[in-house]
Amino acid sequence: MNERDADVVVIGAGVAGLVAASDLVAAGREVVVLEARDRVGGRLLNTEIGGEPNELGGQWIAPYQSEMHALLAELGLESFHAYREGDSLYIDPAGELHRYAADTEPLPATAAADYARAVAKLDALCAELDPEAPWEHPLATELDGITFEQWLAAEVDDTLARDFLRSNMAGGYMTKPADSFSLLGAAATVAGAGSVANLFEPDLCLHSRIVGGSQLIPLRLAERLGDRVVVGAPARTLRWSEEGVDVEAGALKVQAQAAVVAVPPNVAGFIRFEPSLPAWRMRLHQALTQGDVIKVLAVYDEPFWRAEGLSGEGFAPYQLVREVYDNTPPVGRPGVLCTFLAGEKAQAAERLDASERRRLVLDGLARYFGSRALDATEVIEHDWSQEEWTRGAYAATFGVGGLARHGADLTRPVGPIQWACTDLAGVGHMHMEGAIRSGRAAARAILADP
């Protein structure tokens, strides 16, 4: 067995782990990063379409995500405004297609007014929360005992407004049924973005993309770290004491004074800890579960919808293809439409064979863009629940009651072990922003320990 010594061993070469490692190296600590996959990036994954990079994982950047913009500047990466010129599309409960301008409202007046009232109520609650400690709210236990579905039923009278808000929260972010997570959990996710608009409005939450694809971020970070990063090295055993840790990853053993476990909580369970983790930590890991997401890119010779004055953006809470976006590279070709099958829709689609899933997705796109959407030259899908070292997306979240019970322990260290990943973040939860902040926090905690 090969052995290496370091000050800190980082498990996981996603953004959180690589940022933590980079900050530690900058402070003069020697680091080894162990990555189970044969690549770096975690839930960031580039592909190539027509000679141009595109993304199969996380990709968008919001204007308010300050740590993200600072890191891009540090790495010399550029962003570009996601294409959003022209009209957007909405399919109503009856299956009728509506075209609307960016400055107008697709919902009928009654539904739009009720939706706005519900958003105001949710924003008011989120303003009371500390996004880094939502469990400290004086009514946290009560709020965490109410499902988001129950809150919708009690607070949103209009059926269409209720369905739209459910679709945005459950399908768009939590990627779970609305009766499987709490009002507190939903509000904490919103608070981590700053407001409902910040989380839901496409020109905010989906504002920009990275030239060259988002996986360039971990690739650049790993390049700077050099041979400190070891891929194809899943951490199987982590032995720990107050004096330090040693980690076995296949043929490699790393001895260090401290560890950063920078993988999703559900994946941390693949590591054998000796001695076992405290009961409170094991219960926390068991209480956090990933959602279900299949990301699909449909490729065309050109973005034909642009010539028709369409942005490529559409929403349909009642359809399999409930959201669609223009994911064409900045050079303008080939045309790419991006959609997500999430939550129950992903679970149903996973039971189909690939050809039937492709047919249903293209049929769904055709409901928005007409028969030309059926003529995709390629359909690329990535099921994040099938990824051995992720097993879901966008992030692990608690079921009803879990956040109030376990939230205070999310980043609580165990001896020399710190924890990091966007799943554990407050501000930027579920986003690359949260991964950066989480990684930096773990590094600071180690550097503060004499």
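1. The protein has 450 residues, for which a compact globule would have a radius of gyration near 22 Å; the value for the protein is 22 Å, which agrees. The model under review is a predicted one. Along the principal axes, the C-alpha atoms fill a box of roughly 65 × 55 × 40 Å.

2. Burial and surface may be taken together. Of the 450 residues, 59% are buried. The protein exposes about 17,400 Å², and carbon and sulfur atoms supply 49% of that area.

3. As to secondary structure, the protein contains 17 helices and 23 strands. Among contacts between residues at least 6 apart in sequence, 75% join residues at least 24 apart.

4. Opposite T237 stands E248 in β12.

5. The largest nonpolar core comprises 97 residues. The residues with the most contacts inside this core are L34, F148, W151, M169, L238 and V261. Leaving aside residues up to four places away in sequence, L238 touches a set of residues that includes I11, V245, V247, A259, V261, I271, F273 and I417. The set touched by L238 also includes D246, R272 and E274. Another core, of 36 residues, lies apart from the largest one; among its members are V8, A13, L24 and I446.

6. A further open sheet has seven strands in the order β8-β7-β18-β19-β20-β17-β21, again with mixed pairing. Its edge strands are β8 (97-100) and β21 (378-383), each of which pairs on one side only. Neighbouring strands of this sheet are turned by 20° against each other on average, direction ignored.

7. In the seven-stranded sheet, β19 (residues 323-326) and β20 (residues 335-342) pair in the antiparallel sense over three bridges. The bridge partner of Y325 is C338 in β20.

8. Helix α15 (residues 354-369) lies across β7 (87-91), β8, β17 (293-300), β18 (310-315), β19, β20 and β21. The helix runs at about 65° to β17.

Definitions and conventions
Residues numbered from 1 in each chain as written. Predicted model: local features only at pLDDT ≥ 70, side-chain atom pairs only at ≥ 80, totals over all residues. Heavy atoms only, no water. Pairing = 2+ DSSP bridges. Helix = DSSP H or I, 4+ residues; strand = E, 2+ residues; numbered from the N terminus. Core = buried A, V, L, I, M, F, W, Y, C linked by side-chain atoms within 4.5 Å. Buried < 20%, exposed > 50% of the residue type's maximum accessible area, 1.4 Å probe, protein only. Contact = heavy atoms within 4.5 Å. Rg over C-alpha atoms; globule rule 2.2 N^0.38 Å. Areas by Shrake-Rupley, 256 points an atom, 1.4 Å probe, with all protein chains shown as cover. Axes fitted to C-alpha atoms, helices over the stretch in contact; angles between N-to-C directions.
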